[in-house]
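Here's a quick briefing on the disulfides in this one. Have the structure open while you read.

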Amino acid sequence: MTTTPSGTKYYKTVSGDTCQVISDKLGTFTVAQFQAWNPAVKSDCSQLYLDYYYCVAIPGTPTTRSTTSTTKTTSTTSSGPSPTQTGIISSCTKYYKTVSGDTCQVLSDRYGTFSVAQFVTWNPAVKPDCSLLFLGYYYCVAVPGTPTTRTSTSTTKKASPTPTPKGPQPQQPGIVSNCNRYYKVASGDSCYTIEQAQKVSAANFQKWNTGIKADCSNLFVGYYVCTGVA
């Protein structure tokens with residue numbers, strides 16, 4: 001890992017961290033500043049790795065949260081649990097508390113009663129790219145009219161993939177032939193959490209697992225994916 005010589009404070013990443021999450025969590029710098037201090041993470045933050053130390057302060061960086069750098073505002077609704085983010089739809093009828101590994105797509109797949117777009121509409125503070133979904137916060141997962149059982153259109157996990165003959169089984173389809181390291185998908189996993197835990201870039205994960213969609217909607221629990229090649 002490369003660190004900046006002028007760095008005065010470092011932070012060790014945990015599961016679920018993104019550049020935006022770290023900026024919001026500490027509240028003393030912007031995402032652009034974090035990327036300038038840690039250029040190896042790339043402009044899209046695709047090279048931010050789990051359990052690595054990153055520079056989060058240089059001489060002159062504020063020591064207390066600034067009013068412009070934090071978006072993680074805690075609020076409660078009149079009838080909902082706490083903590084929540086601002087802007088949750090007032091007609092929410094059911095809440096869910098996030099755990100490690102959750103993403104908007106993971107929650108949509110887990111419940112099977114709403115789409116990612118609906119989840120973002122009910123919880124606009126998470127942003128369209130879900131970059132501001134916070135661990136341990138409550139989010140709306142149902143409004144009047146939301147199905148109470150899984151719908152055939154909301155879940156993409158309709159059929160098991162056909163395994164490939166090489167390596168541990170069962171496998172996601174489309175694994176490259178020179179794969180020499182595998183990971184078995186567990187409940188709650190997403191492409192992002194696997195990439196972070198296995199220290200694999202998003203680009204390589206997609207290149208080595210060609211059958212997985214760009215939105216990771218067809219990642220199957222209990223199946224092996226490729227996390228390294230020869």
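A residue counts as buried when its relative accessible area is under 20%. Cysteine 226, at 0%, is therefore buried. Keep in mind that this is a predicted model. Searching the whole structure turns up 5 disulfides, and counting bonded cysteines along the chain gives the pattern 1-2, 3-6, 4-5, 7-10, 8-9.

**Cysteine 19 and cysteine 45**
- These two are joined by a disulfide with an S to S distance of 2.0 Å.
- The link is right-handed, with 95 degrees about the S-S bond.
- Cysteine 19 sits in helix 1 and cysteine 45 in the loop between helix 2 and strand 2, so the bond ties together parts 26 residues apart in sequence.
- Cysteine 19 and cysteine 45 are both buried.

**Cysteine 179 and cysteine 226**
- Here the S to S distance is 2.3 Å.
- The S-S torsion is about 110 degrees, so this disulfide is right-handed.
- It's a strand-to-strand link: cysteine 179 is in strand 7 and cysteine 226 in strand 8, so parts 47 residues apart in sequence get tied together.
- Cysteine 179 is buried, at 5% relative accessible area.

**Cysteine 191 and cysteine 216**
- The sulfur atoms of this disulfide are 2.0 Å apart.
- With a torsion of about 90 degrees about the S-S bond, the disulfide is right-handed.
- Cysteine 191 belongs to helix 5, while cysteine 216 is in the loop between helix 6 and strand 8, so the pair ties together parts 25 residues apart in sequence.
- Cysteine 191 and cysteine 216 are both buried.

**One more cysteine**
- Cysteine 55 has 1% relative accessibility, so it counts as buried.

Conventions. Residues are numbered from 1 along each chain as its sequence is written. This is a predicted model: local features need pLDDT of at least 70, side-chain atom pairs count only at pLDDT 80 or more; totals for chains, interfaces and linings use all residues. Side-chain values use heavy atoms; hydrogens and water are left out. A disulfide is a pair of cysteine sulfur atoms within 2.5 Å. Helices (H or I, at least four residues) and strands (E, at least two) are DSSP runs, numbered from the N terminus. Buried means under 20% relative accessible area, exposed over 50%, partly exposed in between (1.4 Å probe, protein chains only).
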